[in-house]
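Subject: Structure handover

Hello,

Here is the structure for you to look through. My notes follow below it.

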Amino acid sequence: MSGVGKTVCVTGASGFVASNLVKLLLEQGYSVKASVRSPNNPAKTEHLLKLDGAKERLHLFKADLLEEGSFDAAVNGCDGVFHTASPFLTAVSDPQTELIEPALKGTLNVLGSCSKASSVKRVVVTSSLAAVAFNTRPKTPEVVIDETWFSDPDFCKEMKLWYVLSKTLAEEAAWKFAEEKGMDIVTINPAMVIGPLLQPTLNTSAESIANLLKGSETYSNSISGWVNVKDVANAHIQAFEIPSASGRYCLVESVVHNSELVQILKKLYPSSQLPQKCADDKPFAPTFQVSKEKVKSLGIEYIPLEQSLMETVESLREKNFVQL
């Protein structure tokens, strides 16, 4: 029970990664101050309030990413802060308002509140592999991406990768702010995160799996990295607890083409209506590797992709997002 006697803040606590992080923190004895936009909305908070230990050690706070100072109360008196709040959307009509501002301003507002709280020893920022892998460098099966890679904002704008741009700019701003203020921050950079859903709503990464199972005719000619939400939650806590943890940590168990993802799902659920063919006739996009070296220092032993997919699908079934 490493967290007994310690108080931490989790921003955006109702989200997919954050909910799993809150669950693990409570299991480890932490007191958690959880920020949400709508504390009175049961859809956002009920699943958190039902967690073991929530009654005694979970406190909800209202905060808004775009409002300076709104995280002050949640952060005040905390030993550590986990900043997970950031919109993850794939279809947007106004990227600046829907993605970039909440990610960028939100990060600076949270760090601003942390800089005022003398109790805060370390801030763990949930970034993304999106802030690592998107640039003009070639990606082929022998290329190994690691924590020294950075996404290029100009490339993201050119390719209209708005979510990627939002995470890239937010992480850049976080490092700059931390350097100026002498603040101890660590970033966690996961790929697509899947696994059990605690929240009642469908999040973007789980939705991508649900869409494959709902009788979609084709799968896109693309590749993704995947990691289990339980490993991501654990990595956040280790990054806070291990004094020597520093810099960025890429979290990716597997990088696979969608064709391979479909094959694994077909093996697990032979009767499901999975897409039979790729959306185009072009050669398959090449996979690449992501280094697992640095993350070993956090003691993470990855849950295999097949198990993560099974946990995701079972969770989707249980919540009636898919019928198989």
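Helices here are DSSP runs of H or I with at least four residues, and they are numbered from the N terminus. By that count, Thr168 falls in helix α7, which covers residues 162-181. Please keep in mind that this is a predicted model.

Is Thr168 buried or exposed? Thr168 is buried, because its relative accessible area is 3% and the cut-off for buried is under 20%. Which residues does Thr168 touch, once neighbours within four places in sequence are set aside? They are Ala130, Ala131, Ser151, Pro153 and Cys156.

α5 against α7

Helix α7 also packs on helix α5, residues 95-116. The angle between the two is about 20 degrees, and their axes are 9 Å apart. That makes the pair roughly parallel, since angles under 35 degrees count as such. The crossing is right-handed. From α5, the contact includes Pro95, Leu99, Ile100, Ala103 and Leu104. Further along α5, Thr107, Leu108, Leu111, Gly112 and Ser115 also take part. On the α7 side, the partners include Trp162, Tyr163, Leu165, Ser166 and Leu169. Ala170, Ala173, Ala174 and Phe177 of α7 belong to the contact too. By class, the α5 and α7 contact has 15 nonpolar residues, four polar and no charged.

α10 against α11

Now the other helix pair. Helix α10 spans residues 258-268, and helix α11 spans residues 305-318. They pack at an angle of about 65 degrees, with axes 10 Å apart. The two are therefore roughly perpendicular. α10 passes α11 in a right-handed crossing. Which residues of α10 meet α11? They are Leu261, Ile264, Leu265, Lys267 and Leu268. Facing them in α11 are Leu305, Glu306, Leu309, Met310 and Val313. This contact holds eight nonpolar residues, no polar ones and two charged.

Helix α1

Helix α1 runs over residues 16-27, twelve in number. Its first and last C-alpha atoms are 17 Å apart, close to the expected 16 Å. How many residues of α1 are buried? Ten of the twelve are, so α1 is mostly covered. The buried set includes Phe16, Val17, Ala18, Ser19 and Asn20. Leu21, Val22, Leu24, Leu25 and Leu26 are buried as well. After α1 comes Gly29, with a positive phi near 90 degrees.

Positive phi outside glycine

Two residues deserve a look here. Lys160 is not a glycine, yet its phi is positive, about 55 degrees. Lys160 sits in the loop between α6, residues 153-158, and α7. Its relative accessible area is 57%, so Lys160 is exposed. Asn320 is not a glycine either, and its phi is positive at about 60 degrees. Asn320 lies in the segment after α11. At 57% relative accessibility, Asn320 counts as exposed.

Gly215

Last, a loop. Gly215 lies between α8, residues 204-213, and β9, residues 218-219. Is Gly215 buried, exposed or partly exposed? Gly215 counts as partly exposed, because its relative accessibility is 39%. Where does Leu274 stand relative to Gly215? Leu274 is 59 residues from Gly215 along the chain, but their C-alpha atoms are separated by 5.6 Å.

Best wishes

Notes. Residues numbered from 1 in each chain as written. Predicted model: local features only at pLDDT ≥ 70, side-chain atom pairs only at ≥ 80, totals over all residues. Heavy atoms only, no water. Expected span 1.5 Å × (residues − 1). Buried < 20%, exposed > 50% of the residue type's maximum accessible area, 1.4 Å probe, protein only. Axes fitted to C-alpha atoms, helices over the stretch in contact; angles between N-to-C directions. Parallel < 35°, antiparallel > 145°, perpendicular 65-115°, else oblique. Left-handed = near helix turned anticlockwise from the far one by under 90°. Contact = heavy atoms within 4.5 Å. Nonpolar A, V, L, I, M, F, W, Y, C, P; charged D, E, K, R; others polar.
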